[in-house]
Amino acid sequence: GAVSRHRAAEEVRADFQRRVPYSYLQRAYIQLNKLEEAANAAHTFFMANPEHMEIQQDLENYKTTSGKVSLIDQEARQHMEDYSAGVRHYDREEYKLAIEFLERALKGYYSEDEDCQIMCEGPQRFEEHEYLDYKAGLYEAVADHYMQVLACKHDCVRELATRSGRISPIENFLPLHYDYLQFAYYRVGDYVKALECAKSYLLFHPDDEDVLENAGYYEGLLEGTVDPATIKPRKEAKTLLRRHKLESHLLQVAAAGLGYAYTEPNYWNRYGPRQDEHSVPSSISSEPEDGPRLSLTKKPMPKPDRELKEGGPLLYSDVKFVYNSQQLNGTQRVLLDNVISEEQCRELHRVASGIMLAGDGYRGKTSPHTPNERFEGATVLKALKYGYEGRVPLKSARLFYDISEKARRIVESYFQLNSTLYFSYTHLVCRTALSGQQERRNDLSHPIHADNCLLDPEANECWKEPPAYTFRDYSALLYMNADFEGGEFIFTEMDAKTVTASIKPKCGRMISFSSGGENPHGVKAVTKGQRCAVALWFTLDPLYRELERIQADEVIAMLDQEHLGPSEMNINPKDEL
């Protein structure tokens, strides 16, 4: 029959998933001069879209104009909020409050799970084939529909562990509730509940040595008062896990029978070694020196697929080492001086003034990160094209190409990479303070971010998923001048607030670092003058080599062989990849 008029189109559902209505609501509230409601709407949208720079700037403005610091997420999932609150209390060693919030989070989780299961019961979808061409018989159609519903229900585990607007779930989300609780109950002296939660956690990870040890320890504490065998894992955890395993079995049987591919995801991933600062004091004679332990209170970064090194040769005698990672309070960081000379800085600045366009590299937006500055940029290929056309000296255009290659070689060597480092994007960019807009500024020239993942300060996470440039591995910024005010480059913790290092740009100075969530960074406001730099992003994956760079390499190769005029060159620059 006809599609129900009460069913929302897929585009509408996607917009609601991304909280797009709150972006419109924010603007509407501004028109009505309801700043508090506008701020909450902007915050709600931003929680699902942390990469949205304009909304981030709007939030900073709201905090300044209305003095409103605490903002409300109108679409907050209560079980997530309670879980986060419980972990915060746990970190502060406020164990009674941690128990209260974590138990509430568990209750909310199972209630949400029930709702999620019910919402999977719906009409059949035909994404993989045209409805009119669907020729399955009755039994095949019934089986196909049933498996769609079952796959949806099976994925509720991921859905309930995923923050709004994110793709990746919080690792090991449900089991972590029991892991935190087993230790918290121990610390408040409730050994029965501690053992119950430890056994509940072991349903998901039966081979976890630390929690097995904890369970044995709790049993020892209860000896003579309660029979440990009578203390069972929680019924709701056991029921959910049994259902989850049965769903998995049915999906795999169906995949084999109906002839489609199915790979069971690992819904209870754990990364890194277990660590815990909260051990039972050894001074208590009745307890062993190494009392119960808990896994990480903060999610560890996934193990890198390569060994991290630094301190390799700088290749060029004039390049001066300044600071390493330790001195910059971080990981995979290096600060160098004299990468280019004063004369090269001046020459590059002359090239920049002749080839840059406002908004180049920023989808045409002249003020992409702040309304208080103008951004201009240019690529290597564009510089070479202008050189051939005689609009800038060809030697100067070639300089841009050569110094970026010099920077690449230094980064590759210093971090002792065993494979080739490729250009992912090269951009000469200047940001200029706009006159009349610098008084009482409290924003950043470039908000705190990471280069290959979406920084989520609230969750203390960096999500390596689109629209982030997930293929980037290393970044570098080569500065061209110092005759401006403000514009310091800063590293922060993942909270995007705690500054760990601040660097004042000057001619020939280069900061380089790995592109992941271990290195959140930004740029302080440029309040006077123009700040120029060559921004470089690199990848270890040749599939993501910069297309314009490949074209530029070809142009340089031809130039080295013979002198060709512009009419003989097939140069087709793209201002935006």
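**Charges over rings**

Start with Lys406, which lies over the face of Tyr316, 4.8 Å from the ring centre. For a charge to sit over a ring here, NZ of Lys or CZ of Arg must be within 6 Å of the ring centre and within 35 degrees of the ring normal. Next pick Arg472: its charged end sits over the ring of Trp537, 4.5 Å from the centre.

A word on what you're looking at: this is a predicted model, where local features need pLDDT of at least 70, side-chain atom pairs count only at pLDDT 80 or more, and totals for chains, interfaces and linings use all residues. Residues are numbered from 1 along each chain as its sequence is written, and side-chain values use heavy atoms, with hydrogens and water left out.

**Aromatic pairs**

Now select Tyr83 and Tyr180. Their ring centres are 6.4 Å apart and their planes at 65 degrees, so the pair is edge-to-face. (Rings of Phe, Tyr and Trp, its six-membered ring, pair if their centres lie within 6.5 Å; planes under 30 degrees apart are stacked, over 60 edge-to-face, the rest tilted.) Tyr83 is in helix α5 (residues 78-91) and Tyr180 in helix α9 (residues 173-187), 97 residues apart. Helices (H or I, at least four residues) and strands (E, at least two) are DSSP runs, numbered from the N terminus.

Tyr83, Tyr90, Tyr180 and Phe183 are among the members of one aromatic cluster.

**The largest nonpolar core**

Move on to Leu336, Leu348, Val411, Leu428, Met510, Val534 and Phe538: of the 50 residues in the largest nonpolar core, these touch the most other members. Such a core is a set of buried Ala, Val, Leu, Ile, Met, Phe, Trp, Tyr and Cys residues joined through side-chain atoms within 4.5 Å.

**Disulfides**

Finish with the cysteines, where there are five disulfides, that is, pairs of cysteine sulfur atoms within 2.5 Å. Cys116 is joined to Cys156, S to S 2.1 Å; the S-S torsion is about -90 degrees, so this disulfide is left-handed. Then select Cys430 and Cys532, with sulfur atoms 1.9 Å apart. Their torsion is about 115 degrees, so that disulfide is right-handed. Cys430 lies in strand β5 and Cys532 in strand β15, so the pair ties together parts 102 residues apart in sequence.

Key: Buried < 20%, exposed > 50% of the residue type's maximum accessible area, 1.4 Å probe, protein only.
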